[in-house]
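Read it with the structure open.

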Amino acid sequence: MKTASKLTLSLACAAALVAGAAAQTIRINGAGATFPYPIYSKWFSEYNKLHSNVEINYQSIGSAGGIQQVTKQTVFFGATDGPMTPEQLQTAPGKIMHFPAVLGAVVPVYSIPNVRNELHFSGQVLADIFLGKITKWNHPAIGKLNAGVTLPASDITVVHRADGSGTTYIWVDYLAKVSPEWKSKVGVANSVNWPTGVGGRGNEQVAGLVTQTPGSIGYVELIYALQNKIAYGSVQNAAGEFVKASVEAVTAAAAEAVKQMPADFRVSITNAPGKGVYPISSFTWILLYENAKDKVQAKTMVDFMKWALTDGQKYCADLGYAPLPEAVVKLEMAALAKIKIS
């Protein structure tokens with residue numbers, strides 16, 4: 001009987017230890033942009049290897065969804081590629097802070113049968129294609145930028161996002177800077193009234209639609225073009241150069257912004273000045289409440305952010321993102337200290 005009692009006691013202790021360990025697991029939910037999903041997935045996985053009691057779950061639902069859910073507090077953090085507007089910030093139940101996570105590029109992707117050349121695009125030509133003014137691949141405006149390339153007389157199918165999207169925000173923010181007509185007729189937002197084209201949800205669906213639709217053109221974050229092996233073009237920058245998206249070209253786009261970084265980090269770097277700059281580049285942001293109710297989750301996210309802004313940056317290049325400039329990281333570390341963790 002004593003042996004049985006000891007066994008029962010041992011099992012009870014073991015069960016208590018397991019229950020205690022489970023109780024200590026910290027689960028944090030976030031949602032938002034598809035643009036940084038590949039790097040966020042990598043980060044959350046690597047961070048869990050270092051902190052097995054921390055599980056960060058992220059839903060890739062688009063920037064508009066991320067802003068909406070963090071505002072409603074149905075998730076602990078949001079993620080967006082387009083900064084929240086003053087109106088959105090005012091409707092939130094508390095102060096939301098923006099933290100740049102990485103830098104990325106949005107690229108024009110296309111699928112044109114029998115064309116293997118890397119195409120050149122100007123901002124004006126891209127705006128006119130997405131306005132529905134240029135409807136054929138052999139249009140003179142495209143041909144002028146691509147001397148020596150035989151382009152077909154086939155129709156252009158425009159593919160855009162159907163959901164509220166930070167990738168869209170970056171794309172249209174750029175188009176509005178290079179095309180007065182785009183700015184006046186369509187404007188800049190996470191979701192716009194598209195003059196033409198078909199829509200897909202998330203970078204994943206846009207990439208899939210372009211792949212499956214001969215004669216199409218769309219826009220996705222660089223990693224989605226690389227992963228799906230879709231052709232993407234060079235874009236003319238403010239200095240007049242045709243630049244293909246790369247880590248170096250995106251880093252160059254951030255150089256000027258760093259000199260004028262606002263205290264809340266809500267800044268646009270599309271069509272940035274300077275040589276070697278890829279013009280459709282952007283920061284992407286993680287959204288956190290300054291004074292969240294759950295202090296355990298707040299402290300955990302602050303610790304995670306400190307890791308992501310330092311050690312986590314080494315994973316950027318392999319996934320097609322550019323790491324943050326050191327000056328920005330320094331500013332963010334100071335901003336993280338403002339989050340209430342006790």
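The count comes to 2 cavities of 30 Å³ or more. The model is predicted.

**Largest cavity**
- The volume of the largest cavity is about 50 Å³.
- Helix H7 (166-178) and strand E12 (281-289) are the elements that give two or more residues to the lining of the largest cavity.
- Its lining consists of Asp81, Tyr169, Ile170, Asp173, Val267, Ser268, Ile269, Thr270, Ser281, Ser282 and Trp285.
- By class, the lining of the largest cavity splits into 5 nonpolar, 4 polar and 2 charged residues.

**Second largest cavity**
- The second largest cavity has a volume of about 40 Å³.
- Two elements give two or more residues to the lining of the second largest cavity: E12 and helix H12 (295-308).
- Phe76, Leu288, Tyr289, Ala298, Met301 and Ile339 line the second largest cavity.
- What classes do the residues of this lining fall into? There are 6 nonpolar residues, with no polar and no charged ones.

**Largest pocket**
- The largest pocket has a volume of about 230 Å³.
- It is lined by 14 residues, and the closest to its centre are Lys95, Ile96, Met97, His98 and Asp264.
- Which strand gives the most to the lining of the largest pocket? Strand E4 (residues 96-111) does, with 4 residues.
- The lining of the largest pocket holds 7 nonpolar, 2 polar and 5 charged residues.

**Contact of H2 with H12**
- Helix H2 (residues 37-50) packs against H12 at an angle of about 110 degrees.
- The axes of H2 and H12 are 11 Å apart.
- Angles of 65 to 115 degrees count as roughly perpendicular, and H2 and H12 are therefore roughly perpendicular to each other.
- On the H2 side, the contact uses Trp43, Phe44, Glu46, Tyr47 and Leu50.
- On the H12 side, these meet Thr300, Asp303, Phe304, Trp307 and Ala308.
- The residues of the contact divide into 7 nonpolar, 1 polar and 2 charged.

**Open sheet E5-E10-E11**
- An open sheet is formed by 3 strands in the order E5-E10-E11, with mixed pairing.
- Why is one side of strand E5 and of strand E11 left without a neighbour in the sheet? Strand E5 (120-121) and strand E11 (242-243) stand at the edges, and each has a single partner strand, so one side of each has no neighbour there.
- Strand E10 (residues 234-236) pairs with E11 in the antiparallel sense, over 2 bridges.
- Within this pair, Val235 stands opposite Val243 in E11.
- In general, strands of a sheet pair through backbone hydrogen bonds, either parallel or antiparallel.

Key. Residues are numbered from 1 along each chain as its sequence is written. This is a predicted model: local features need pLDDT of at least 70, side-chain atom pairs count only at pLDDT 80 or more; totals for chains, interfaces and linings use all residues. Side-chain values use heavy atoms; hydrogens and water are left out. On a 1 Å grid over the protein atoms alone, a cavity is a set of points where a 1.4 Å probe fits but cannot get out, and a pocket is an open set with protein on both sides within 12 Å along at least five of seven lines; lining residues have an atom within 4 Å of a point. Grid points are joined across faces, edges and corners, and a volume is the space filled by probe spheres set on the points. Ala, Val, Leu, Ile, Met, Phe, Trp, Tyr, Cys and Pro count as nonpolar, Asp, Glu, Lys and Arg as charged, and the others, Gly among them, as polar. Two strands pair if DSSP finds at least two bridges between them. Axes are lines fitted to C-alpha atoms, for helices over the stretch in contact, and angles run from 0 to 180 degrees between N-to-C directions. Angles under 35 degrees count as roughly parallel, over 145 as roughly antiparallel, 65 to 115 as roughly perpendicular and the rest as oblique. Contact means heavy atoms within 4.5 Å.
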